[in-house]
Structure formats: C-alpha cells, structure tokens
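Dear colleague,

Please find below the sequence and structure that I am handing over to you.

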Amino acid sequence: MFAPVIDLRSDTVTMPSDRMREFMARAEVGDDVYDEDPTLRELEEFGAELTGKEAGLFLPSGTMANVIAQMVHAAPGDEVIVGDKSHAVLYEVGAGPRLAGVQYQVIAGSMQPTAAEIAMRIKAPTFHTPGTGLVWVENTHNMAGGVVYPNEELEKIAALCREHDLPLHMDGARVFNAAVALGVPVREITRHVDSVGFCLSKGLGAPVGSLLCGSAAFRAVAHRTRKMLGGGMRQAGIIAAAGLLSLRENVDRLAEDHALACHLAESVAAIDGLTVDLPSPPTNIVMADLACGDASAFAERCKQRGVLFHALEAGRVRFVTHLDLTRDDVDRALEIIRSEA
C-alpha cells in the first residue's frame, strides 16, 4: 500500500471533521437574501463580537472580502497604501484595480509597513494625481512567513489614519493565528482597524467562507456590494454552521499548529543546503531557502514521494501546518525532505 500524501501546501486543505459535517447537516436555515438564515446571522454576530466590531458579513472567500473592503472604503482612482507582497496585490487576480478601480501604492521592501513608512506616502488628490483612500495591513503576513504585525505598530498606524481621516483595513486571513501567537483575544488586535476580514477556511478548518467585520454602516454598504458581485446566498446556514463551529472549537488549538511549525522549522534548518528564518512569535507558516536555488525541482521530487509543499521563487519553498497533520506526519515528511534536499 502507498503511504498517504502529506500535504504541507496550505492550511486551506483541511477536511471537515465528522462532527463538523453533522453540525452542518443539522443547521437551521432560511433564505439569506431575505435576511432569514438564523445560522448565518448567528455566525455574523459571533464574528463581530469576537473582533469587537458592530457587525459582520459572511462571504464565500477572503478575496471577495478584500475587494469589497476596497470598494466600500475607497473611491475609484484612489490609492491604497499597502505593503510589499501583500495577498491583495499578488494573489487576487487584480481584483482591487479591476473591480474597485483603486491603485496600489506599494511600499517596496516592507511587507509590514511602519507608521513612518505609511506617513511618507499619504497624499491629498490634485488635479493631476490621485489621493490616498485607504491604508492596508495584512496580519499574519503570508509571504513574510506568517509574521505577526506588532500590536504597538498597529496602534501607531491607527493614530496616523485618524489624523488624516483615512480608513484602515486589515486583511486578517490568519488573524486568529496572530492572536493565539501573542496570547491575546483577537479583539486586542482588531480594535486598531476600521474593518477586518478573516478566513474560516484556513487554520480554523471550515470548508468555505470568510467574515468581513466593521461598523453597522460599513456592513450595510458591504452587504449591498456583495449582492452586486453575485455573493447573495440562499440557505447558506449549511456552510455558515461550519464556520460557527470552527470559531467555537478551533481557535485555541491553533497553538498546536504553531508548535508543529516550530518543530518543522528547526528540523529543516538542520538540513544541509536549507536555511529557515523563523519569525517571533512563530505561527503556522515556514519559509525555507535552498542553496541549490531550484525550488521547483526540489518540490517535484518530494511530491513524487508523497510530500506536497509550494515552490514560491527560484530558491524558496513554503510549508504550512494545519489541523489535519500530526507530529508523525511531519516527521515522515522530514525524512523525505532530508533525503531530497
């Protein structure tokens, strides 16, 4: 028999547990477009409560959450100040510029910009040039290796945005990882921003969905924008139930993913030809650099032996731990990685 595949590509690959499937099957549902799905309403209210916001909106994906945030906060032609290699810039098919009509003012070389870096790029519109419409932060930062945004820096950025009357949005796809890593309630992070989107389908283990949370007025416009983009859903409580269970039961256990990522990182760092820069505090993403430089060939060799991970650049690979992995899985993957490096 073949050994099962060990999937380290992303925390999006998790499968709903039997308990989650049963919870979904038993969910009370209604027509969400008529605002009549009780399970979905409960999820939105719970997500808003956790993040310290007035209201939440359930969405099919994090990409839709991000583009709606841009459409609500900024006007077409506005600039969005954003860090280098942000998910919204790299991996959302140009949704912001195409659908929201915004331009990105990318701070090169700074994945998590400081208040000082942002301040240098804030500008008022002129007859010839666009003005700043929105400031954007990502927490944790995917391409930086799951780095947690320092809370003290977020506080400075929030103060700067208030000074300039600018909205501040957080792409918090993995913000619960950040909260667990810091040992604080998630609202201690999200209180700094006007709106936040987070994924239920990553480390939290739901099969689909994201929440976008903010003020009641923000939610009202976002709700209509979701309808415009084709995101109005009917008996969505079936999938909302999975998100509700994930928020109730899978947040604290993210610490297990972080511990597994530390073990993986320390072991990979001990392999000749591989180096790891593990952030502090660590979360569930591990970036490794190859001395040989051919990440794609390395990933393909491991894939042929049943270990999956992403080759990102010529000499860089990414591993992600999640709730479907055990210590034995990681140790078996390490044996293969070690032999193919």
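Predicted model: local features only at pLDDT ≥ 70, side-chain atom pairs only at ≥ 80, totals over all residues.

**Pocket and cavities**

The largest pocket holds about 300 Å³ of space. Its lining consists of 22 residues, and T12, H87, N142, R174 and K202 are the ones nearest the centre of the pocket. Three elements, helix 3 (62-73), strand 7 (195-199) and strand 12 (310-313), each contribute at least two residues to this lining. Helix 3 gives the most, with 4 residues. By class, the lining of the largest pocket comprises 7 nonpolar, 10 polar and 5 charged residues.

How many cavities of 30 Å³ or more does a search of the whole structure find? The search returns 2. The largest cavity has a volume of about 50 Å³. Its lining is formed by H87, E138, T140, N142, D171, A173, R174 and K202. These residues divide into 1 nonpolar, 3 polar and 4 charged.

Around it are A173, R174, V175, F176, N177, C199, K202, G203, L204 and L254. Helix 8 (residues 175-182) supplies the largest share of the lining of the second largest cavity, namely 3 residues. By class, this lining has 6 nonpolar, 2 polar and 2 charged residues.

**Helix packing**

Helix 8 also packs against helix 12 (residues 254-269), their axes coming within 9 Å and crossing at roughly 80 degrees. Angles of 65 to 115 degrees count as roughly perpendicular, and the two helices, helix 8 and helix 12, are therefore described in that way. On the side of helix 8 the contact is made by F176, N177, V180 and A181, and on the side of helix 12 by L254, A255 and H258. The contact of helix 8 with helix 12 has 5 nonpolar, 2 polar and no charged residues.

Helix 2 (residues 38-51) and helix 11 (residues 237-249) form another pair, with axes that come within 8 Å and cross at roughly 30 degrees. That angle makes helix 2 roughly parallel to helix 11. The crossing of helix 2 with helix 11 is left-handed. From helix 2, the residues T39, L40, E42, L43, F46, G47 and L50 meet G237, A240, A241, G243, L244, L247 and R248 of helix 11. The residues of this contact comprise 8 nonpolar, 4 polar and 2 charged.

Helix 13 (residues 295-304) and helix 14 (residues 327-340) have their axes 10 Å apart and pack at an angle of about 135 degrees. Helix 13 is therefore oblique to helix 14. Their crossing is right-handed. F298, R301 and C302 of helix 13 make the contact with I336, I337 and E340 of helix 14. By class, the residues of the contact of helix 13 with helix 14 are 4 nonpolar, no polar and 2 charged.

**Backbone geometry**

Most residues other than glycine have a negative phi, and most peptide bonds are trans.

Which residues are joined by a cis peptide bond with omega of about -5 degrees? They are N139 and T140.

P281 sits in the loop between strand 9 (274-276) and strand 10 (285-290).

D35, a residue other than glycine, has a positive phi, near 65 degrees. The loop that holds D35 runs between helix 1 (18-25) and helix 2.

Yours sincerely

Technical notes: Residues numbered from 1 in each chain as written. Heavy atoms only, no water. Axes fitted to C-alpha atoms, helices over the stretch in contact; angles between N-to-C directions. Parallel < 35°, antiparallel > 145°, perpendicular 65-115°, else oblique. Left-handed = near helix turned anticlockwise from the far one by under 90°. Contact = heavy atoms within 4.5 Å. Nonpolar A, V, L, I, M, F, W, Y, C, P; charged D, E, K, R; others polar. 1 Å grid on protein atoms, 1.4 Å probe; cavity = no way out; pocket = protein on both sides within 12 Å on 5 of 7 lines; lining within 4 Å. Points joined across faces, edges and corners; volume = space filled by probe spheres on them.
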